[in-house]
Amino acid sequence: MISVSEALDRLFSLAAPLGTEEVPLLEANGRILARDVTARRDQPPFDNSAMDGYAVTEGAQGDSFRVIGESAAGHRFTGPLAPGEAVRIFTGAPIPEGTGRVILQEDVTREGDTITITGAPGEGLHIRQSGDDFRTGDSVTAPRRLSPNDIALMAAMNIARVPVARQPRVAIIATGDELVMPGEDPGPDQIVASNSFGLRALLSELGATPRLLPIARDSLSSLRTVLELADDSDLVLTIGGASVGDHDLVAQAAADMGLDRAFHKVAMRPGKPLMSGRLGDAMMIGLPGNPVSAMVCGHVFVAPVIRAMLGLGASPAPRKTAHLARDIPANGPREHYMRARRMADGLSLFDRQDSSLLSILSAADALIVRPPHDPARSVGENVDYLPLS
Ligand SMILES: Nc1nc2c(c(=O)[nH]1)N[C@H]1C(S)=C(S)[C@@H](COP(=O)(O)OP(=O)(O)OC[C@H]3O[C@@H](n4cnc5c(N)ncnc54)[C@H](O)[C@@H]3O)O[C@H]1N2
Ligand code: MOO
């Protein structure tokens with residue numbers, strides 16, 4: 001059995017970045033920016049008023065001015081401004097030539113075309129300089145996952161089409177005679193397929209394009225039929241049938257179809273029967289069937305693989321450190337990902353750690369990472385964990 005970090009290295013060597021495509025700005029949110037993009041104009045493109053008020057050359061409390069015109073957003077005042085004159089101005093409007101400051105309308109009384117500064121104007125000039133925000137050629141740097149704030153910035157930069165990483169196409173194949181789909185009426189020996197739905201959600205969140213294929217039954221012919229449906233995928237994820245039982249046929253079905261196996265079995269808990277390799281043009285990861293094992297492998301292996309395919313680099317799932325709120329026992333020979341909750345007084349481990357317990361996984365928001373043979377740890381000691389939310 002190989003270690004988790006060795007397994008990750010082998011996975012990364014199978015997971016090449018997938019290349020780029022251009023999408024309209026409207027479709028770029030959540031996508032990975034693949035190349036730096038640069039502003040096509042200065043922002044603001046002209047000096048403009050930060051407030052509604054009056055543009056003057058200079059002014060103090062008690063000064064009066066003659067209002068000679070108006071500058072509104074989208075409609076500038078074209079003439080110059082001289083001492084003793086004021087231009088009515090609104091937020092975002094271009095600053096007339098000669099303006100020294102903008103007096104807030106709250107600090108002014110107006111009679112006809114004459115204004116008098118009645119309030120203390122203060123230090124602020126209320127003028128936003130051209131290029132204050134960004135200048136032509138300033139860039140948004142890649143790679144990064146584009147957020148709504150980035151979309152706003154790129155719109156202001158007049159970038160209408162955005163180069164982004166192609167989304168990995170991921171086929172998800174649940175396997176097992178016992179499985180039915182959520183919403184179906186399970187027979188007495190049947191259970192509802194859950195892992196495929198959890199993994200699909202995880203993959204969507206990561207920025208992949210997941211596709212649920214029909215459930216494969218526990219026969220080589222059924223597995224082959226469904227695996228063949230996945231032939232246009234970048235990554236094929238199978239769930240279950242990865243262990244040593246008589247009905248665990250995924251490894252054999254994939255081998256029959258030419259899987260170039262990179263490894264089978266990892267020294268971790270849960271997740272030991274994990275396998276991976278190259279299957280035709282696609283990468284394949286065979287996940288264990290136990291629900292918590294499949295989801296933990298999703299967080300520990302699938303998520304970093306998707307990030308690597310998206311061009312975000314080959315690095316393990318980010319870890320944090322926190323102290324323990326409870327004692328934890330010594331670990332065995334496999335790296336253990338233990339379900340826990342972050343509490344005010346530290347990480348609190350769930351008593352029940354069986355890899356079938358989705359209710360515990362759902363209640364957990366952290367996986368404490370225990371290295372192989374880690375000794376017992378006491379309250380207050382620091383441990384590494386993977387945040388789940
Ligand atoms: N003799 C041994 N037995 C087992 C070993 C071992 O080393 N020696 N390893 C155990 C470990 S660790 C795991 S993990 C499981 C995983 O085995 P498989 O990948 O072959 O998974 P299955 O046997 O197909 O299923 C296990 C369990 O999970 C349920 N399942 C499967 N698929 C789904 C799904 N899509 N949604 C929800 N639940 C699913 C399935 O019904 C079983 O209950 O093997 C141990 N055994
Ligand atoms: O290690 Mo398995 O993955 O017990 O559930």
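## Reading a structure, one feature at a time

Guide: Let's begin with one residue: A251 sits in helix 5, which covers residues 250–256. Keep in mind as we go that this is a predicted model.

Visitor: Is A251 buried or exposed, and why?

Guide: The idea is to count neighbours: a residue with 20 or more other C-beta atoms within 10 Å of its own is called buried. A251 has 20 such neighbours inside 10 Å, so A251 counts as buried.

Visitor: Which residues does A251 touch, leaving out those up to four places away in sequence?

Guide: They are A242, H264, M275 and G286.

Visitor: How confident is the predictor, and what scores does the model get?

Guide: Look at the mean pLDDT, which is 97 for the chain, with 100% of residues reaching 70 or more. The model also has an ipTM of 0.97 and a pTM of 0.92.

Visitor: Now the whole chain. How many helices and strands are there?

Guide: The chain has 7 helices and 28 strands. Buried residues account for 38% of its 389 residues.

Visitor: How does the radius of gyration of the chain read against that of a compact globule?

Guide: You set one number beside the other. A compact globule of 389 residues would come out near 21 Å, but this chain has 31 Å. Along the principal axes, the C-alpha atoms fill a box of roughly 95 × 50 × 40 Å.

Visitor: Which domains is the chain divided into?

Guide: Four pieces to find on the model: domain 1 (4–17 + 166–309), domain 2 (24–41 + 135–165), domain 3 (48–128) and domain 4 (320–387). Between domain 2 and domain 3, the C-alpha centres lie 36 Å apart. As for contacts between residues at least 6 apart in sequence, 70% of them join residues at least 24 apart.

Visitor: What surrounds ligand 1?

Guide: Look for the shell of residues around it. Ligand 1 has 26 of them, and the closest are G240, A242, S243, P288 and G289. By class, the shell holds 11 nonpolar, 12 polar and 3 charged residues.

Visitor: And which residues are around ligand 2?

Guide: R269, P270, G271, K272, P288, N290, S293 and S355. Those divide into 2 nonpolar, 4 polar and 2 charged.

Visitor: What about phi at K265 and at H373?

Guide: K265 is not a glycine, yet its phi is positive, about 95 degrees. This residue lies in the loop between strand 20 (260–264) and strand 21 (268–269), and K265 counts as partly exposed because it has 17 C-beta neighbours inside 10 Å. H373, also not a glycine, has a positive phi of about 60 degrees. Its loop runs between strand 27 (366–370) and strand 28 (382–387). With 11 C-beta neighbours inside 10 Å, H373 counts as exposed.

Methods: Residues are numbered from 1 along each chain as its sequence is written. Chains are lettered from A and ligands numbered from 1 in the order in which they are written. This is a predicted model: local features need pLDDT of at least 70, side-chain atom pairs count only at pLDDT 80 or more; totals for chains, interfaces and linings use all residues. Helices (H or I, at least four residues) and strands (E, at least two) are DSSP runs, numbered from the N terminus. The radius of gyration is taken over C-alpha atoms; the globule rule is 2.2 Å times the number of residues to the power 0.38. A residue is buried if 20 or more other C-beta atoms lie within 10 Å of its own, exposed if 12 or fewer, and partly exposed in between; C-beta atoms are placed from the backbone. Two residues are in contact if their C-beta atoms, placed from the backbone, lie within 7 Å. pLDDT is the predictor's confidence in each residue, from 0 to 100. A residue is near a molecule or strand if its C-beta atom, placed from the backbone, lies within 6 Å of it. Ala, Val, Leu, Ile, Met, Phe, Trp, Tyr, Cys and Pro count as nonpolar, Asp, Glu, Lys and Arg as charged, and the others, Gly among them, as polar. Domain bounds come from an automatic or database domain assignment.
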